[in-house]
Structures are given as C-alpha cells and as structure tokens.
Amino acid sequence: LPVAAGAVDLIWCRDVLNHVDVARGLAECARVLKAGGQMLVYQTFAGALMEQAEATRLYAAMAIMPQNMDEAFFQATAQAVGLAVTTRDVISSEWRERWAEEGSTALLDDLLGVARLRRRETELVAQYGRAAYEVTYADCLWGIYQLLGKLQPTVYLLEKKQ
C-alpha cells in the first residue's frame with residue numbers, strides 16, 4: 001500500500017480477501033495501521049455444508065484461493081501478523097432472508113438464472129466460452145449458497161496490537 005507505516009486509523013475491507021495472498025495482504029494492513037488501529041473485514045467463508053465438488057467449481061470460477069475460504073486459516077493468519085480479533089459476527093443467511101422478506105427478487109432471479117444456465121449450457125458455452133459460463137453460473141450460486149449455509153458471510157473487527 002502506498003501509505004506510511006502506522007499512518008492509518010481504520011481499514012474497511014469488503015469481500016476481497018478470498019482472491020489474494022491473505023498473509024501478505026493482512027501483513028500490509030497491519031503495517032499501515034497505527035497501534036490500536038482497526039480493520040473492519042466483511043468476508044465470506046465456506047460453511048459446514050459446502051461440498052468439495054461445489055467448492056472446487058465455485059472457487060475456480062470466481063478466482064478464489066481455496067485456503068482463504070477457511071475461517072480458521074483467516075483467524076490464524078490475522079493473529080500471526082499482529083492483528084487481534086476483537087469482534088466476530090456471523091451474518092450467515094440473515095441478510096439474504098431479510099431481503100427476501102422485504103420483497104427483493106434477487107434469490108428468485110438467481111434460482112431462475114441457475115435453471116436457465118443449466119438448461120442452455122451447451123449453447124451458452126459455444127457462444128460465450130466455458131470461463132464466462134462458469135463465472136455467470138457461480139455468481140448466481142453465491143447468494144443461494146449463502147442461504148443454504150454453504151457460504152458464511154462474517155464480519156470481523158481486527159485491532160493492531162499495541
């Protein structure tokens with residue numbers, strides 16, 4: 001980060017740590033945080049119900065580093081670079097449930113998207129390519145998997161040790 005060491009009070013990090021070298025990224029965040037500075041992290045991890053074949057397909061399509069979906073790995077890495085976990089709030093499916101209760105059709109749209117993608121897979125792959133198909137399919141599955149407990153959105157507040 002193009003920031004001096006110890007210059008930052010707060011870092012807000014939303015849904016990107018799945019895609020990077022977590023040890024390097026968190027170490028850099030720890031470097032720029034002031035002593036006692038905090039890092040608010042919203043991150044999605046694999047839930048207990050995630051099947052290995054589902055994970056392999058989803059992570060490949062979304063350019064996710066598989067080890068980064070392991071919450072224990074995240075916590076251990078944060079601790080190792082000098083960031084203490086002060087708060088952990090598992091969101092799970094709550095936000096998705098609430099959106100549906102308030103009338104959002106996002107989950108229905110995702111379900112219909114999966115159904116249509118599956119039905120037209122051969123045609124869509126021929127037209128757009130396998131990679132584009134897989135990314136679109138995975139994007140539709142993301143919210144569905146959160147609702148089913150296969151993915152677990154979680155909020156962390158980390159603090160740089162004094």
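These are my notebook entries on a predicted model of one protein.

**Entry 1. Ground rules**

I number residues from 1 along each chain as its sequence is written. Because the model is predicted, I take local features only at pLDDT of at least 70 and side-chain atom pairs only at pLDDT 80 or more, while totals for chains, interfaces and linings use all residues, and side-chain values use heavy atoms, with hydrogens and water left out.

**Entry 2. Overall layout**

I looked up the secondary structure and found seven helices and four strands. Helices (H or I, at least four residues) and strands (E, at least two) are DSSP runs, numbered from the N terminus. In order from the N terminus, the elements read β-α-β-α-α-β-α-α-α-α-β. The C-alpha trace spans about 55 × 35 × 25 Å along its principal axes.

I then took the accessible surface, which comes to about 9,000 Å² (Shrake-Rupley method, 1.4 Å probe; for residues, only the protein chains shown count as cover). Carbon and sulfur atoms account for 56% of that surface. Of the 162 residues, 38% are buried. Here buried means under 20% relative accessible area, exposed means over 50%, and partly exposed lies in between (1.4 Å probe, protein chains only).

I also checked the sequence range of contacts (heavy atoms within 4.5 Å). Among those between residues at least 6 apart in sequence, 86% join residues at least 24 apart.

**Entry 3. Nonpolar cores**

Which residues have the most contacts inside the largest nonpolar core? I found M50, L58, Y59 and L151, in a core of 20 residues. A nonpolar core is a set of buried Ala, Val, Leu, Ile, Met, Phe, Trp, Tyr and Cys residues joined through side-chain atoms within 4.5 Å. Helices α2 (52-61), α5 (106-119), α6 (121-128) and α7 each supply at least two residues of this core. The largest share, eight residues, comes from α7. A second, separate core has 18 residues, including L17, A30, M39 and L158. In soluble globular proteins, nonpolar side chains tend to be buried together.

I looked at L107 in helix α5. L107 counts as buried because its relative accessible area is 14%. Leaving aside neighbours within four places in sequence, L107 is in contact with R96, A100, G143, I144 and L147. The C-alpha atoms of L107 and G143 are separated by 6.7 Å, although the two residues are 36 apart along the chain.

S93 is buried, at 9% relative accessibility. Its side chain joins that of E97 in a polar contact of 2.3 Å. A polar contact is a pair of N or O atoms within 3.5 Å; within protein, one must be able to donate a hydrogen and the other to accept it, and residues adjacent in sequence count only if both atoms are side-chain atoms. Beyond four places in sequence, S93 is in contact with Q146 and L147.

**Entry 4. Salt bridges**

I counted nine salt bridges, each a side-chain nitrogen of Lys or Arg within 4 Å of a carboxyl oxygen of Asp or Glu.

One of them joins E54 and K150 (2.9 Å, N to O). This pair links distant parts of the chain, with E54 in helix α2 and K150 in the loop between α7 and β4 (151-160), 96 residues apart. E54 is partly exposed at 22%, whereas K150 is buried at 13%.

Another joins K34 and D9 (3.2 Å, N to O). K34 lies in strand β2 (residues 33-46) and D9 in strand β1, 25 residues apart. K34 is partly exposed at 34%, and D9 is exposed at 51%.

Finally, R57, E121, R130 and E134 are linked in a network of salt bridges. Is E134 buried or exposed? I found E134 buried, because its relative accessible area is 14%. E134 lies in helix α7 (residues 130-148). Its side chain makes a polar contact of 2.7 Å with the side chain of R57.

**Entry 5. Surface patch**

I noted that L10, W12 and L40 form a nonpolar patch on the surface, with about 350 Å² of accessible area together. Patches are made of residues with over 30% relative accessible area and no salt bridge: like charges are joined within 9 Å, nonpolar side chains (Val, Leu, Ile, Met, Phe, Trp, Tyr) within 5 Å. L10 lies in strand β1 (residues 8-14) and is exposed at 53%.
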